[in-house]
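Please keep the sequence and the 3D view open as you read.

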Amino acid sequence: MVLTTHSMEEADVLCNRISIINNGVLKCIGTQPRLKQLYGGGFTLFINLSKTSTNQALDKVAEFVHHNLPHSSLMRSFNNKMLFKVPTKGFQAE
């Protein structure tokens, strides 16, 4: 089956191999982890906390993420939702 989409997130969830086509020319094909390793800037980690979470809980979550992913950085924190950028450099998947 072939799926065409502009959404890398959709392709990531639905496909086991991804190809990138630009101006009708096949640029690359591979698995999602391999393409992220070659061309990606890293991973994005979204964390949603309950609406009743306190600032102390948000701080503990951020501390936990930084402890386990030391190269990560908090990009945004709003309305008990946290967005971290995790670079592939220094990242060891287990």
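Which residue in S2 does asparagine 22 stand opposite? Asparagine 22 faces valine 25 in S2. Please bear in mind that this model is predicted, and that what follows is computed from it.

The strand S2 covers residues 25-30 and runs antiparallel to S1, the two being joined by 5 bridges. One step along, isoleucine 21 stands opposite leucine 26 in S2. The hairpin made by S1 and S2 has 2 residues between the strands.

Isoleucine 20 is also found in strand S1. Beyond residues up to four places away in sequence, isoleucine 20 touches Val25, Leu26, Lys27 and Cys28.

## Two asparagines with positive phi

Backbone angles are worth a look here. Most residues other than glycine have a negative phi. Asparagine 23 has a positive phi of about 55 degrees, although it is not a glycine. You will find asparagine 23 in the loop between S1 and S2. Asparagine 23 has a relative accessible area of 74%, so it is exposed.

Now turn to asparagine 79. Asparagine 79 is not a glycine either, yet it has a positive phi of about 55 degrees. Its place is in the loop between strand S4 (73-78) and S5. With a relative accessible area of 57%, asparagine 79 is exposed because the cut-off for that class is over 50%.

## The largest nonpolar core

Which residues make up the largest nonpolar core? There are 7 in all: Ile47, Leu49, Leu58, Ala62, Val65, Met82 and Phe84. Helix H3 (55-68) and strand S5 (81-86) are the elements that give two or more residues to this core. The largest share, 3 residues, comes from H3.

Leaving out residues up to four places away in sequence, alanine 62 touches Met82 and Phe84.

## The largest pocket

Let us move on to the empty spaces. Rolling a probe the size of a water molecule over the atoms shows where empty space is left.

The largest pocket has a volume of about 620 Å³. How many residues line the largest pocket? Its lining has 18 residues, and those nearest its centre are Leu3, Thr4, Thr5, Ile18 and Ser19. Helix H1 (8-14) and strand S1 (18-22) are the elements that give two or more residues to this lining. The largest share, 4 residues, comes from S1. Sorted by class, the lining of the largest pocket has 11 nonpolar, 6 polar and 1 charged residues.

## The second largest pocket and glutamine 32

The second largest pocket holds about 310 Å³ of space. It is lined by 13 residues, with Met8, Glu9, Asp12, Gln32 and Lys36 lying nearest its centre. At least two residues of this lining come from each of H1, H2 and strand S3 (43-48). Which element gives the largest share of the lining of the second largest pocket? That is H2, with 4 residues. By class, this lining has 6 nonpolar, 4 polar and 3 charged residues.

Glutamine 32, one of the residues nearest the centre of the second largest pocket, lies in helix H2 (residues 32-39). Why does glutamine 32 count as buried? Its relative accessibility is 16%, and buried means under 20%, so glutamine 32 falls in that class. Apart from its neighbours within four places in sequence, glutamine 32 is in contact with Asp12 and Ile18. In your viewer, both partners can be found again among the pocket residues: Asp12 is one of those nearest the centre of the second largest pocket, and Ile18 is one of those nearest the centre of the largest pocket.

How values were computed. Residues are numbered from 1 along each chain as its sequence is written. This is a predicted model: local features need pLDDT of at least 70, side-chain atom pairs count only at pLDDT 80 or more; totals for chains, interfaces and linings use all residues. Side-chain values use heavy atoms; hydrogens and water are left out. A nonpolar core is a set of buried Ala, Val, Leu, Ile, Met, Phe, Trp, Tyr and Cys residues joined through side-chain atoms within 4.5 Å. Buried means under 20% relative accessible area, exposed over 50%, partly exposed in between (1.4 Å probe, protein chains only). Contact means heavy atoms within 4.5 Å. On a 1 Å grid over the protein atoms alone, a cavity is a set of points where a 1.4 Å probe fits but cannot get out, and a pocket is an open set with protein on both sides within 12 Å along at least five of seven lines; lining residues have an atom within 4 Å of a point. Grid points are joined across faces, edges and corners, and a volume is the space filled by probe spheres set on the points. Ala, Val, Leu, Ile, Met, Phe, Trp, Tyr, Cys and Pro count as nonpolar, Asp, Glu, Lys and Arg as charged, and the others, Gly among them, as polar. Two strands pair if DSSP finds at least two bridges between them.
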